[in-house]
Amino acid sequence: TGMCDNCVSSIELKDIDATYHTKIIVSLLQEMQQNDQRATLLQLVDKFKTKWKHSGCSNEAVDLKKEEIEQLIVQLILDRVLKEEFQHTAYTTNAYVVLGPLWKPALQGNRPVKLTSAIHSQDSGDRFKSAKRNQMSNLEAKLDDLRRTISSRNGGVFPHAVLSTEQISLLNCHTPTTIAELEKLIGKVKTDKYGSDIIEVMRSETGSGKDSGDGAKRQKKDKGVVFVESSEEEG
């Protein structure tokens, strides 16, 4: 297996110091909760962008794209700086983002936050995006199914809190089949929580490793996945 040409030429991982961005997100939520207001993930992203624009601090820290702000909020939920709160009505369940147990050190800036982002080079990146829009690979479809399965299994956590669309693209490109490789792409927290399920799918799709049972059984087998009984288990 190996990476597709687009991936090799267009994806680069960069680390962003998001400590300051985190302070803004936490202070926004603190302010809202004092006023008995709540925000969904997307509403919080919009509020952050407005606050960022008017705070005049764009020169001091990296400006984040919308997907990166979403990724940061999801990361903060997994790190327990923020948490999800569900409101059930007769017709629907609304998920809100609220302050979590570890919000105070984050507000004071005592807790460094690092965001790993994937950047595309311009020309190949555009080709990559248009190719992705037109066709979702088998592996991406399986990973999309998996994040929904894990989401419902964990009491309605956001599917993109399990894996963001950007992370699914990365996994499709780099096809990690060990926990160590996976951790480099999606970080330790998510790998610890969901790594074994993700690796199960990666190995079944790339023909590396054998079917170890339950993780694979949870996956839909309607696309003719063949499990190869070869090579030793890694990671």
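Visitor: Where does the second largest pocket lie?
Guide: This is a predicted model. In it, domain 1 (8–55 + 62–119) and domain 2 (138–207) both give residues to the lining of the second largest pocket, so the pocket lies between them.

Visitor: What volume does the second largest pocket have?
Guide: About 430 Å³. Its lining has 24 residues, and Gln75, Lys114, Thr116, Ile186 and Gly187 are the closest to its centre.

Visitor: Which helices and strands supply at least two residues of the lining?
Guide: α4 (66–78), β4 (114–120), α9 (165–174), α10 (179–186) and α11 (188–206) each do.

Visitor: And how does the lining split by class?
Guide: Ten residues are nonpolar, six are polar and eight are charged.

Visitor: Back to α9. Why is it largely enclosed by the rest of the structure?
Guide: Seven of its ten residues are buried, so the rest of the structure largely encloses α9. The buried ones are Gln167, Ile168, Ser169, Leu170, Leu171, Asn172 and Cys173.

Visitor: What follows α9?
Guide: Thr175, with a positive phi near 35 degrees.

Visitor: New topic: α3. Which of its residues are buried?
Guide: Leu41, Leu44, Val45, Phe48 and Trp52. Seen down the axis of α3, they fall within an arc of 105 degrees, so they line one face of the helix.

Visitor: What span should α3 have?
Guide: At 1.5 Å a residue, its 15 residues (41–55) should span 21 Å, and the end C-alpha atoms are 21 Å apart, which agrees.

Methods:
Residues are numbered from 1 along each chain as its sequence is written. This is a predicted model: local features need pLDDT of at least 70, side-chain atom pairs count only at pLDDT 80 or more; totals for chains, interfaces and linings use all residues. Side-chain values use heavy atoms; hydrogens and water are left out. On a 1 Å grid over the protein atoms alone, a cavity is a set of points where a 1.4 Å probe fits but cannot get out, and a pocket is an open set with protein on both sides within 12 Å along at least five of seven lines; lining residues have an atom within 4 Å of a point. Grid points are joined across faces, edges and corners, and a volume is the space filled by probe spheres set on the points. Helices (H or I, at least four residues) and strands (E, at least two) are DSSP runs, numbered from the N terminus. Ala, Val, Leu, Ile, Met, Phe, Trp, Tyr, Cys and Pro count as nonpolar, Asp, Glu, Lys and Arg as charged, and the others, Gly among them, as polar. Domain bounds come from an automatic or database domain assignment. The expected span of a helix is 1.5 Å times one less than its number of residues. Buried means under 20% relative accessible area, exposed over 50%, partly exposed in between (1.4 Å probe, protein chains only). The arc is that of the directions from the helix axis to the C-beta atoms.
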